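Have a look at it first, and then we will talk it through.

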Amino acid sequence: MEAMGVTAALGILLLLTAGGSTGDEAREAAAVRELLVRLLGPGPAAAFSVSVERSLAADSGLDTYRLSGGGARARVQVLGSTGVAAAAGLHRYLRDFCGCHVAWSGSQLRLPQPLPAVPEELTEATPNRYRYYQNVCTQSYSFLWWDWARWEQEIDWMALNGINLALAWSGQEAIWQRVYLALGLTQTEIDEYFTGPAFLAWGRMGNLHTWSGPLPPSWHLKQLYLQHRILDRMRSFGMIPVLPAFAGHVPKALTRVFPQVNVTQMGSWGHFNCSYSCSFLLAPEDPLFPLVGSLFLRELTKEFGTDHIYGADTFNEMQPPSSEPSYLAAATAAVYQAMIAVDPDAVWLLQGWFFQHQPEFWGPAQVAAVLGAVPRGRLLVLDLFAESQPVYVRTASFQGQPFIWCMLHNFGGNHGLFGALESVNRGPTAARHFPNSTMVGTGMAPEGISQNEVVYALMAELGWRKDPVADLGAWVTSFAARRYGVSHGDAEAAWRLLLRSVYNCSGEECRGHNHSPLVRRPSLQMVTTVWYNRSDVFEAWRLLLAATPTLASSPTFRYDLVDVTRQAVQELVSLYYEEVRTAYLKKELVPLTRAGGILAYELLPALDQVLASDRHFLLGSWLEQARLAAVSETEAHFYEQNSRYQLTLWGPEGNILDYANKQLAGLVADYYAPRWRLFSETLVESLVQGVPFQQHQFDRNAFQLEQTFVLGTRSYPSQPEGDTVDLVKKLFLKYYPRAGSF
């Protein structure tokens with residue numbers, strides 16, 4: 001075991017030196033000062049002094065910040081070993097000394113005057129080399145239509161939360177287009193290969209091709225522009241952008257140009273047929289493999305430069321053609337060899353999702369073949385779902401390869417209050433202390449963002465903590481006070497109830513994917529069990545509403561009031577559905593009509609009105625972003641349809657139906673509610689006519705409704721309408737007593 005520990009340490013040493021470039025101290029300090037101005041405005045920003053000095057981390061080599069000063073006559077001094085460290089130190093001061101809060105849904109930045117003094121000089125070093133951010137899917141589920149202004153906000157958020165390693169995958173299709181044209185493919189063949197914008201993540205991982213494409217020429221130009229700005233800003237903070245590399249998937253058209261090429265057609269993925277899946281994988285021994293891989297990476301790095309860490313996923317949710325360790329080792333080595341042929345300092349960032357996604361395939365010999373095919377320290381594995389299903393435990397810390405403990409948390413960008421905060425809190429420390437641990441960082445890897453912000457606030461803080469938070473109850477209480485800018489007993493009590501209920505998931509139920517009946521195609525077999533007491537959610541709802549006289553002016557409070565109301569209605573939908581099902585099975589027409597009518601004709605429309613009162617819950621905003629990314633009306637319609645498909649059917653036949661479900665105003669009214677009306681009416685008709693309910697026929701009818709929505713052109717408001725507090729009060733007064741009776 002001792003020998004293995006030494007080997008692992010050497011591997012980590014290789015990794016630490018592979019990143020190479022540390023950037024310019026003056027540039028990084030300037031980037032943080034500019035962030036300060038964007039965040040606080042020029043006047044308040046002048047009260048801070050920011051500097052970057054590599055020597056601050058000379059002993060450990062780990063990102064370090066130092067805080068001092070403040071008070072009536074002194075500027076707050078923020079010193080960091082990197083720009084990211086300085087930004088994290090600034091965030092620590094704003095959070096812990098000023099009671100401020102920075103989040104996706106809005107920031108609470110009421111600075112006390114004068115600025116509080118730092119009582120004693122505070123120096124903090126991160127316990128690990130990396131704080132990673134993103135999932136390959138995040139690019140499609142959340143970043144899809146972003147312009148530079150929105151990217152700028154996100155990179156600022158990343159810096160403040162100490163992120164120093166992140167995917168930067170925009171614009172890669174433009175580079176692939178150059179490579180494929182150079183290899184002899186026609187523009188038509190390339191257009192037929194790329195997916196539409198909303199599905200690029202799965203094209204990049206080899207799961208899909210063609211579906212909902214092609215990409216317009218303007219898409220490539222805009223994404224190249226964005227990628228340059230994204231990389232420039234990330235690097236200005238001292239972050240390490242992870243660029244894409246060749247994983248082995250190629251267009252079928254390559255077989256026309258090279259008839260002798262050795263390719264294997266993979267199996268189907270995600271209930272898609274081979275018109276859109278069954279990708280072609282180059283054999284690792286084929287001479288084209290290193291050629292294609294090096295052509296792409298050379299063209300990519302010529303365009304964007306490099307920070308020497310690259311991401312590639314060959315077998316994401318796809319079973320390899322062979323389980324022979326020799327094949328798996330060769331396939332893995334081929335990807336790595338294509339990287340180092342262009343960049344001898346290359347480190348491969350690998351999403352470890354496939355190890356836990358198909359555990360029956362990835363036995364010890366298969367795992368060892370992949371992990372052993374790359375020199376130790378040159379494969380950096382993301383233990384992607386470690387808060388629920390850590391892979392490092394059953395692979396002896398990835399057999400000596402460095403890994404990052406990641407919290408995945410969210411699937412599909414779903415709304416729905418959810419978290420496993422106890423597991424998240426303890427997980428990184430447990431991984432760090434695992435025998436012969438090769439953990440080199442923590443990460444946040446959600447498929448979609450802008451939800452459950454308390455979970456990400458905790459995870460970001462853990463990236464700088466050596467030990468877990470001692471008292472999560474006290475932590476969430478202070479979180480609420482910072483978020484709203486004032487302590488309020490009812491609001492804090494509400495958050496403690498949420499902590500012990502929706503945010504206290506454990507065991508196999510912790511999937512982060514919302515399966516509420518509200519957002520699923522109805523049937524008589526729907527599961528409504530949850531891991532918490534619904535009464536805690538209803539009581540948290542009541543307590544937040546009680547806090548409105550004091551907190552209603554806070555935008556973050558109003559956002560949370562909508563979000564908790566949305567969750568309470570989600571619970572009510574489950575309870576009314578149980579009444580509907582019970583009444584149908586007992587052949588009781590009046591109770592069936594009553595419960596079904598309330599659910600479909602009263603409750604869901606009321607929810608839609610509440611959602612419409614907050615800009616974060618508008619279908620119109622999502623569709624408007626899509627249309628604004630276009631350069632013509634034809635393109636705008638195409639982008640909007642991409643958006644509608646992703647939220648609902650996902651594929652042409654509902655292939656991954658409702659996976660990316662959201663609870664948005666407009667979507668509830670025109671997609672979810674019509675399905676529930678159809679379901680209730682079909683059940684009533686079944687009882688009246690004395691014939692069994694036919695699920696298959698209902699599914700066909702429901703698909704017609706779903707497809708009508710996807711192909712529709714109705715526009716939706718992109719600005720909020722109505723007063724959140726008034727709408728929530730009305731809904732609460734009508735339904736809370738009912739909730740209390742369950």
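This is a predicted model: local features need pLDDT of at least 70, side-chain atom pairs count only at pLDDT 80 or more; totals for chains, interfaces and linings use all residues.

Q: How many helices and strands does the chain have?
A: Helices (H or I, at least four residues) and strands (E, at least two) are DSSP runs, numbered from the N terminus. Here the chain comes to 29 helices and 15 strands.

Q: What does the radius of gyration say about the chain?
A: The radius is taken over C-alpha atoms, and the globule rule is 2.2 Å times the number of residues to the power 0.38. For 742 residues a compact globule would be near 27 Å, and the chain has 26 Å, which agrees. Its C-alpha atoms fill a box of roughly 75 × 75 × 55 Å along the principal axes.

Q: What share of the residues is buried?
A: Buried means under 20% relative accessible area, exposed over 50%, and partly exposed in between (1.4 Å probe, protein chains only). In this chain, 63% of the 742 residues count as buried. Contacts tell us something too: a contact means heavy atoms within 4.5 Å. Among contacts between residues at least 6 apart in sequence, 76% join residues at least 24 apart.

Q: Is helix H7 enclosed or open?
A: Eight of the 11 residues of H7 are buried, so this helix is largely enclosed by the rest of the structure. Among the buried ones are Glu-173, Ile-175, Trp-176 and Val-179. Their cover includes helix H8 (187-193), H9, H10 and strand S7 (240-244). Just after H7, Gly-184 takes a positive phi of about 105°.

Q: How many cavities are there?
A: On a 1 Å grid over the protein atoms alone, a cavity is a set of points where a 1.4 Å probe fits but cannot get out; lining residues have an atom within 4 Å of a point. Grid points are joined across faces, edges and corners, and a volume is the space filled by probe spheres set on the points. The count comes to eight cavities of 30 Å³ or more.

Q: Which residues and helices line the largest cavity?
A: This cavity has a volume of about 270 Å³. Its lining has 23 residues, with Gln-172, Trp-176, Tyr-193, Gly-203 and Arg-204 nearest the centre. H7 (172-182) and H9 (200-204) each supply at least two lining residues, and H7 gives the most, with four. To sort a lining, count Ala, Val, Leu, Ile, Met, Phe, Trp, Tyr, Cys and Pro as nonpolar, Asp, Glu, Lys and Arg as charged, and the others, Gly among them, as polar. That gives 13 nonpolar, seven polar and three charged residues for the largest cavity.

Q: What lines the second largest cavity?
A: The second largest cavity has a volume of about 130 Å³ and is lined by 13 residues, including Phe-143 and Trp-219. H10 gives the most to this lining, with three residues. The lining divides into eight nonpolar, four polar and one charged.

Q: How many salt bridges are there?
A: Side chains of opposite charge can pair when their charged atoms come close. A salt bridge is a side-chain nitrogen of Lys or Arg within 4 Å of a carboxyl oxygen of Asp or Glu. By this rule there are 39.

Q: Where do Arg-426 and Glu-422 sit?
A: An α-helix has 3.6 residues a turn, so residues three or four places apart point the same way. Arg-426 and Glu-422 are four residues apart in helix H17 (residues 421-432), separated by about one helical turn. Their closest N and O atoms are 3.4 Å apart, forming a salt bridge. Arg-426 is partly exposed, at 48% relative accessible area, and Glu-422 is partly exposed at 35%.

Q: How far apart are the closest N and O atoms of Asp-96 and Arg-95?
A: The closest N and O atoms of this salt bridge are 2.8 Å apart. Asp-96 is partly exposed at 41%, whereas Arg-95 is buried at 16%.

How values were computed: Residues are numbered from 1 along each chain as its sequence is written. Side-chain values use heavy atoms; hydrogens and water are left out. On a 1 Å grid over the protein atoms alone, a cavity is a set of points where a 1.4 Å probe fits but cannot get out, and a pocket is an open set with protein on both sides within 12 Å along at least five of seven lines; lining residues have an atom within 4 Å of a point.
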